[in-house]
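Here are some notes from going through this one, roughly in the order I'd look at things on screen. Have it open while you read.

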Amino acid sequence: MKNQVNKVILAPMEGVADELMRQMLTSINHYDLCITEFVRIVDSLLPERVFYKNSPELLNNGFAKNNTPIRVQLLGQEPNWMAENANRAIELGSHGLDLNFGCPAKTVNKNRGGAVLLKTPEDIYQIVSHVRNAMPSDAILSAKIRLGFDDSSLLEEIVSAVSSANANQLTIHARTKLDGYKPPAYWHHIGRMREKTNIELIANGEIWSLNDANKCIEEAKTNNLMLGRGALALPNLANVIKRGEPPMPWSTVCHLLIEYAALELKGDKSYYFSSRLKQWLRYLKLQYPQAETLFSQIKLLKNKDEILSIVNKLSSN
Ligand SMILES: Cc1cc2nc3c(=O)[nH]c(=O)nc-3n(C[C@H](O)[C@H](O)[C@H](O)COP(=O)(O)O)c2cc1C
């Protein structure tokens with residue numbers, strides 16, 4: 001099937017797709033954009049250092065590797081504070097601003113942030129329009145939603161709230177909050193919205209391969225894709241989809257793990273190295289049986305050097 005993909009965007013993944021992972025993935029792929037982990041907004045204008053910590057790329061004019069623009073994501077429910085913080089992110093160099101209406105975390109939902117807002121499209125409208133009105137008119141405003149909270153019955157209203165508040169782009173993770181991360185993703189609901197709105201749509205959920213990407217494009221009726229866990233499981237997935245590259249062989253992944261280790265050791269999160277490598281291996285296991293073996297070899301190790309010597313041996317085999 002002919003691949004007609006347009007944009008390929010790296011999904012925000014809190015605790016996983018941080019700056020180091022974004023650097024790694026953008027150094028080997030040509031993403032059109034990365035969305036950052038969310039910045040939680042409650043009732044204040046956050047200091048600049050919070051934005052720099054979340055998105056160190058802001059110090060590089062908002063670019064990751066390969067000149068990939070990054071966009072800060074905000075999560076919150078109070079329209080005025082969301083607007084003020086959105087402006088700050090833009091001033092600091094974020095390439096547009098993304099709003100999170102999909103987070104399923106209980107603590108966030110209890111405080112009326114994230115996916116719980118999908119129950120009240122009017123609140124979504126208020127947040128999006130406050131942020132839109134506060135932001136420079138040429139800055140791109142995007143929102144990220146799920147199909148709904150318990151079911152998809154409000155989807156049309158939610159999409160209409162986002163587009164009538166003049167956001168420029170809308171990513172739809174094609175599952176409800178209740179669905180969690182369980183397969184499948186119901187891409188056809190995005191296709192249904194394509195016929196009802198002119199806002200630029202981005203399809204997200206369960207894209208693990210070129211074949212999935214093609215099916216998603218067909219069902220969702222958009223050729224803009226956002227990759228989440230699939231981008232971690234197959235590190236060059238974006239280029240597989242965009243440029244027809246073959247999936248990366250395990251030997252190359254081993255080199256990547258060593259490079260990742262070097263980045264981690266330099267970064268201020270080096271303390272987390274062993275747990276973060278293990279976390280990545282959990283995703284890599286989904287594509288590479290060898291990752292399972294490596295995981296079992298290092299799972300009890302905490303010492304970075306011991307772990308690295310095992311990975312080094314693998315890469316020289
Ligand atoms: C560990 C993890 C953290 C996530 N953090 C965020 C987040 O900060 N903001 C957000 O909008 N979505 C977040 N998501 C949802 C993803 O962006 C994406 O919508 C979801 O994983 C579905 O895409 P996938 O099936 O390709 O993984 C997260 C998902 C995972 C697995």
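**Notes on the model**

1. Let's start with a loop residue. N61 is found in the loop between helix 2 (48–54) and strand 3. Its backbone is worth a glance: phi of N61 is near 55°, which is a positive value in a residue other than glycine. Keep in mind throughout that this is a predicted model.

2. Now the overall fold. Eight strands form a closed barrel in the order 1-2-3-4-5-6-7-8, and the pairing is parallel. On average, neighbouring strands of this sheet are turned by 30° against each other, direction ignored.

3. For a closer look at one strand pair, take strand 4 (residues 97–101) and strand 5 (residues 141–146). They run parallel and are joined by five bridges. If you want one of the pairings to click on, L99 has A143 in strand 5 as its bridge partner. Helix 5 (residues 121–134) packs on the sheet here, touching both strand 4 and strand 5, and its direction makes about 170° with that of strand 4.

4. How do helix 3 and helix 5 pack, in angle and axis distance? The angle is about 35° and the axes are 8 Å apart, with helix 3 passing helix 5 in a right-handed crossing. On the helix 3 side the contact is made by P79, N80, M82, A83, A86 and N87, and helix 5 brings Q126, I127, H130, V131 and A134. By class, the residues of this contact split into seven nonpolar, four polar and no charged.

5. F273, S274 and L277 of helix 12 meet K304, I307, L308 and V311 of helix 14. That contact counts five nonpolar residues, one polar and one charged.

6. Next, the ligand site. Which residues come nearest to the ligand? There are 18 residues around it, and P12, Q73, N204, E206 and R229 come nearest.

7. Some polar distances at the ligand, if you plan to check the pose. An oxygen atom of the ligand lies 2.7 Å from a backbone N or O atom of P12. A polar backbone atom of E14 is 2.8 Å from a nitrogen atom of the ligand. The side chain of K144 has an N or O atom 2.8 Å from an oxygen atom of the ligand.

8. Last, a peptide bond to look at. P183 and P184 are joined by a cis peptide bond, with omega about 0°. As for where this is, P184 has its place in the loop between strand 6 (169–173) and helix 7 (188–194).

Notes: Residues are numbered from 1 along each chain as its sequence is written. This is a predicted model: local features need pLDDT of at least 70, side-chain atom pairs count only at pLDDT 80 or more; totals for chains, interfaces and linings use all residues. Side-chain values use heavy atoms; hydrogens and water are left out. Two strands pair if DSSP finds at least two bridges between them. Helices (H or I, at least four residues) and strands (E, at least two) are DSSP runs, numbered from the N terminus. Axes are lines fitted to C-alpha atoms, for helices over the stretch in contact, and angles run from 0 to 180 degrees between N-to-C directions. Contact means heavy atoms within 4.5 Å. A crossing is left-handed if the near helix is turned anticlockwise from the far one by less than a right angle, and right-handed if clockwise. Ala, Val, Leu, Ile, Met, Phe, Trp, Tyr, Cys and Pro count as nonpolar, Asp, Glu, Lys and Arg as charged, and the others, Gly among them, as polar. A residue is near a molecule or strand if one of its heavy atoms lies within 4 Å of it. A polar contact is a pair of N or O atoms within 3.5 Å; within protein, one must be able to donate a hydrogen and the other to accept it, and residues adjacent in sequence count only if both atoms are side-chain atoms.
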